[in-house]
Amino acid sequence: MLAVLLLFSYVAYIYLTLPDVRPLARQNPTTTAFMQLRLDEARAAGRKLSIRHQWVPYSRISPMLKRAVIVTEDAAFFDHDGIDLQEIKASLEKNWEEGQFLRGASTITQQLAKNLYLSPSRNPMRKVTELLITRRLEAALTKQRIFEIYLNMIEWGDGIFGCEAAARAYFGKACANLDIQEAALMAGAIINPREHSPARPTKRLLRRQQIILRRMQFKPPAPAPAPVNETPSDPPLVPVPLPFPIPPPPSNTSPPPPGNKSPGFGGTGSIN
């Protein structure tokens, strides 16, 4: 009985000391707990670390990257309230069968809570705090805003945070201009961004890229034979399933045909 009372008191203390996430509805965060953690680690190792980060609004993030991250990290993101119970059940069953922690079940909102305010520790009470912050984020912010902050603040390499800094570091271009292959590489690197570089992909990262492209339901278009004595036309635009808009076609091509239907997300929440 005493143990239960102490546990309840501790959870109540955690709840009362949770961060106020409401300002995030209008204010862009400038730093995260993970940024500070990496700076502290570098300082302890006697090396200098510069944080590379540049905020971009949701409209200037590649629809390809949005789609790739959703199918990789949290396919049900737009359907759950921050906690994916089905994925948690699948994770528990998988880890029980294997006898060790192999598969996580964190949603994008949970990952954002951890990155903004917590540490990568797997301490059970840290997980409780993460879940409580997750519910606060879901109550205070729209799904689009949560996703916008997530893409702008997560770690994407050694000292690299956010999709804009990552796109410029790895591909020398703005995030808005990422193509589908680059987007799949960047999404695949999230699992361990300091080990997997989209600019120099490992075999494992290339395998993950192919899995992600299949989940995005992408099939490279077969090249059409060019008529004799005519200049070959540009390749067709790759459709991006809703809820993300199809990027506007270049001025020298015709717009895609109307009536493009949105397939379901498919797949599970994360790729191991």
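A disulfide is counted here when two cysteine sulfur atoms lie within 2.5 Å of each other. In this predicted model, that rule gives a count of zero disulfides. Cys 163 is in no disulfide, and the nearest cysteine sulfur to it, that of Cys 175, is 3.5 Å away. Seen from Cys 175, the closest cysteine sulfur is in Cys 163, and at 3.5 Å it is too far for a bond. Cys 163 is buried, at 0% relative accessibility, and Cys 175 is buried with a relative accessible area of 0%.

The aromatic side chains come next. The count of aromatic pairs is four. Phe 77 is buried, at 0% relative accessibility, whereas Phe 78 is partly exposed, at 28%. In the pair of Phe 147 and Tyr 150, the ring centres are 6.5 Å apart and the planes are at 25 degrees, so the pair is stacked. Both residues of this pair, Phe 147 and Tyr 150, are buried. Phe 147 and Tyr 150 lie in helix α7 (residues 143-153), three residues apart, or about one turn of the helix.

One aromatic cluster is formed by Tyr 58, Phe 77, Phe 78, Phe 147 and Tyr 150. Lysines lie over the faces of two rings, Tyr 58 and Phe 77, as listed below.

| Lysine | Ring | Distance from ring centre |
|---|---|---|
| Lys 66 | Tyr 58 | 3.6 Å |
| Lys 143 | Phe 77 | 4.4 Å |

Notes: Residues are numbered from 1 along each chain as its sequence is written. This is a predicted model: local features need pLDDT of at least 70, side-chain atom pairs count only at pLDDT 80 or more; totals for chains, interfaces and linings use all residues. Side-chain values use heavy atoms; hydrogens and water are left out. Buried means under 20% relative accessible area, exposed over 50%, partly exposed in between (1.4 Å probe, protein chains only). Rings of Phe, Tyr and Trp (its six-membered ring) pair if their centres lie within 6.5 Å; planes under 30 degrees apart count as stacked, over 60 as edge-to-face and the rest as tilted. Helices (H or I, at least four residues) and strands (E, at least two) are DSSP runs, numbered from the N terminus. A charge sits over a ring if NZ of Lys or CZ of Arg is within 6 Å of the ring centre and within 35 degrees of the ring normal.
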